[in-house]
Amino acid sequence: MVVTDPVADLLTRIRNANQAGHAEVKVPANKLNMEIVKILVAEGFIKGYTMDEKAKFPTAIIAMKYGEKNQKIITGLKRISKPGLRIYAKKDKVPRVLRGLGIAIISTSHGVIVDREARKLGIGGEVLCYVW
């Protein structure tokens, strides 16, 4: 199956696994997806990931994270910049998600980073998604 928007596919797989209460989910392991997954691990939205060596194509297995009594850690994921309409933010217009409770993942010249880091470095870029 050919996917025209791999980031939207990644976010949809994570959102569906989260809603269904699955312990893990398999996602394609391309470079951009793995950078987003690393950010989600660092920010505490997911437990971690491992690479599936037996898969035909590079695949990552993401361990979902839930709170006590199976409360969802991820309450929302939203794709912002799409292949048909790219959304960019200048250094002084980097968005805040829920007044700092969520994160915006931004693709910059310094790599894929979160909104706090972009503000600290004074750079803008393509706003990939919001996670809260």
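Good morning. Two strands are taken to pair if DSSP finds at least two bridges between them. With that criterion in place, I turn to the structure shown above, which is a predicted model.

Three strands form an open sheet, with antiparallel pairing and the order 1-3-2. Strand 1, residues 24–28, and strand 2, residues 46–52, are the edge strands, each of which pairs on one side only. On average, neighbouring strands in this sheet are turned by 25° against each other, direction ignored. The antiparallel pairing of strand 1 with strand 3, residues 59–64, extends over 5 bridges. Within strand 3, Ala60 is the bridge partner of Val27.

I now consider the helices against this sheet. Helix 1, residues 6–20, lies across strand 1 and strand 3 and runs at about 170° to strand 1. Helix 2, residues 31–42, packs on the sheet and touches strand 1, strand 2 and strand 3. The direction of helix 2 makes about 145° with that of strand 2.

Finally, the two helices themselves. Two packed helices are described by the angle between their axes and the distance between the axes. Here, the axes of helix 1 and helix 2 come within 9 Å and cross at roughly 40°. The helices are therefore oblique to each other, and helix 1 passes helix 2 in a right-handed crossing.

Which residues in helix 1 and helix 2 meet? From helix 1 there are Pro6, Val7, Leu10 and Ile14, and from helix 2 Leu32, Asn33, Ile36, Val37 and Leu40. The residues of this contact divide into 8 nonpolar, 1 polar and no charged.

Thank you for your attention.

Conventions:
Residues are numbered from 1 along each chain as its sequence is written. This is a predicted model: local features need pLDDT of at least 70, side-chain atom pairs count only at pLDDT 80 or more; totals for chains, interfaces and linings use all residues. Side-chain values use heavy atoms; hydrogens and water are left out. Helices (H or I, at least four residues) and strands (E, at least two) are DSSP runs, numbered from the N terminus. Axes are lines fitted to C-alpha atoms, for helices over the stretch in contact, and angles run from 0 to 180 degrees between N-to-C directions. Contact means heavy atoms within 4.5 Å. Angles under 35 degrees count as roughly parallel, over 145 as roughly antiparallel, 65 to 115 as roughly perpendicular and the rest as oblique. A crossing is left-handed if the near helix is turned anticlockwise from the far one by less than a right angle, and right-handed if clockwise. Ala, Val, Leu, Ile, Met, Phe, Trp, Tyr, Cys and Pro count as nonpolar, Asp, Glu, Lys and Arg as charged, and the others, Gly among them, as polar.
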